[in-house]
Amino acid sequence: MFNNTMLGQIRSLPAMIREVLPIYDRDARRVLDHNLCLSAKRLFITGCGDSYFAPLASELAFESLAGIPTEPLTALQFSRYAVEFLPEAGPGMNLVIGISVSGEVSRTIEAVRRARKAGATTIALTATPTSRIAQAGDKMLPIVTPAFEFSPGVRSYIGTLLMLYLAAIRLGEVRGKLAPIEASTLRAEIETLAEGIDRTIAACDAPTKQLAREWNDAAEFVFCGDGPNFGTALLSAAKVLEASGDNAVGQDLEEWAHLQYFARAVNTPTFFISAADRAASRAVEVAHAAKTIERRVVAVVPEGESAISAEADITLRFAEAREVFTPLVSCIPGMLFAAHRAEEVGESFFRAFGGGRAESGGGGISRIRTSEIID
């Protein structure tokens, strides 16, 4: 019997959000004090894997709600290439958030240490307050989530997104970009998305299970996203890789038309994840192109959307939200599909750590936790 703890994590999300949201909001207000909020002129957010996808998904929130130019970067790109070229600035003007749930990912620790050495104000966002990254930053934002059974990261990703959104609202409120009533409304909207995740699970659980069964023959899966949901596309592909070991690609919507459009395999399942907002017209065109060249097309779109879904073989609907917050709900269909795919093919999560990586030893031969740190 397959113990599908990933499904358990997904189904636990609404209750988790209701439990942790007031705590996260309190901590965001405490850590992001007035001096820090007012002095910051540029924001860099860095991490690896899910901890990089969440910054991509929240970039629009920081720029539109907080009015602060924001650059998400992988930890390697930031620590080894970008940090030495940070713009010259006074105290607190360059703000760097380094994200590591475990707090022990060497490359992200390195990024935070080097940013601090370069004069940036650094915040470690982690679920492990006693970790090396927590010690490396000037400040720490805790994203501790209640314990749950092991699976590919689900609760940790949602927790990271929640904290980033609350940080964006806090920055916007203190900097005068948001009136207090607007900030309160935005926080309330995030809270209502707990119920939105419930609705999304109810709408997508059975269809994603059916797709996993029907697409047992597939050798690859492609997830495309626009705007903040490019992060969702990368996250969805990552969950498939972690859950079932299948090859999966996350791609920018526009880049699919320049790259995957030419792939030899005809019937590759291709998911188009869109808030149906700024990039809606392009999503319709690209989905139509994919359908025309015989891809198996899935539209992952808000409730009530009609144009993109008209071009798809299958439609998976998530709860409506303003575009900046859609990654909280648009990730649910991909997570559900990944969990059902693993069960359908009988694959243990992370291939039981037998694919070149072990739970111990610092991430096996890839040395995720024991890699050399350059200060």
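Predicted model: local features only at pLDDT ≥ 70, side-chain atom pairs only at ≥ 80, totals over all residues.
Is R26 buried or exposed? Side-chain values rest on heavy atoms, with hydrogens and water left out. R26 is exposed, with a relative accessible area of 51%, where exposed stands for over 50%, buried for under 20% and partly exposed for values in between (1.4 Å probe, protein chains only).

D27, at 6% relative accessibility, counts as buried. By this rule the count comes to 23 salt bridges. Another of them joins R199 and E195, whose closest N and O atoms are 2.4 Å apart; both residues lie in helix α8, four residues apart, about one turn of the helix. R199 is partly exposed at 33% relative accessibility, and E195 is partly exposed at 37%. A further salt bridge is formed by R341 and D246 (2.7 Å, N to O). Because R341 lies in helix α12 and D246 in the loop between α9 (229–244) and β7 (247–252), this pair ties together parts that are 95 residues apart in sequence. R341 is buried, with a relative accessible area of 2%, and D246 likewise counts as buried at 13%. Salt bridges that share partners also join D25, R29, E173 and R187 into one network.

Helices and strands were taken as DSSP runs numbered from the N terminus (H or I, at least four residues, for helices; E, at least two, for strands). Helix α7 (residues 155–174) and helix α8 (residues 180–214) pack at an angle of about 170 degrees, with their axes 9 Å apart, the axes being lines fitted to C-alpha atoms over the stretch in contact and the angles running from 0 to 180 degrees between N-to-C directions. The two helices α7 and α8 are therefore roughly antiparallel to each other (angles over 145 degrees count as roughly antiparallel, under 35 as roughly parallel, 65 to 115 as roughly perpendicular and the rest as oblique). The contact, defined by heavy atoms within 4.5 Å, is made by L162, Y165, L166, I169, R170 and E173 of α7 and by P180, A183, L186, R187 and I190 of α8.

T108, placed in helix α5 (residues 106–117), is buried, with a relative accessible area of 0%. Apart from neighbours within four places in sequence, T108 is in contact with residues including T46, C48, A75, I99 and I133.

Aromatic pairs, in which ring centres of Phe, Tyr and Trp (its six-membered ring) lie within 6.5 Å and the planes count as stacked under 30 degrees, edge-to-face over 60 and tilted otherwise, come to 14. F150 and F350 form a tilted pair, 5.6 Å centre to centre with 40 degrees between the planes. Since F150 lies in the loop between β5 (139–142) and α7 and F350 in the segment after α12 (327–345), the pair ties together parts that are 200 residues apart in sequence. F150 is partly exposed at 47% relative accessible area, as is F350 at 22%. F150 also forms a tilted pair with F353, at 6.1 Å centre to centre and 40 degrees between the planes.

Methods: Residues numbered from 1 in each chain as written. Salt bridge = Lys/Arg side-chain N within 4 Å of Asp/Glu carboxyl O.
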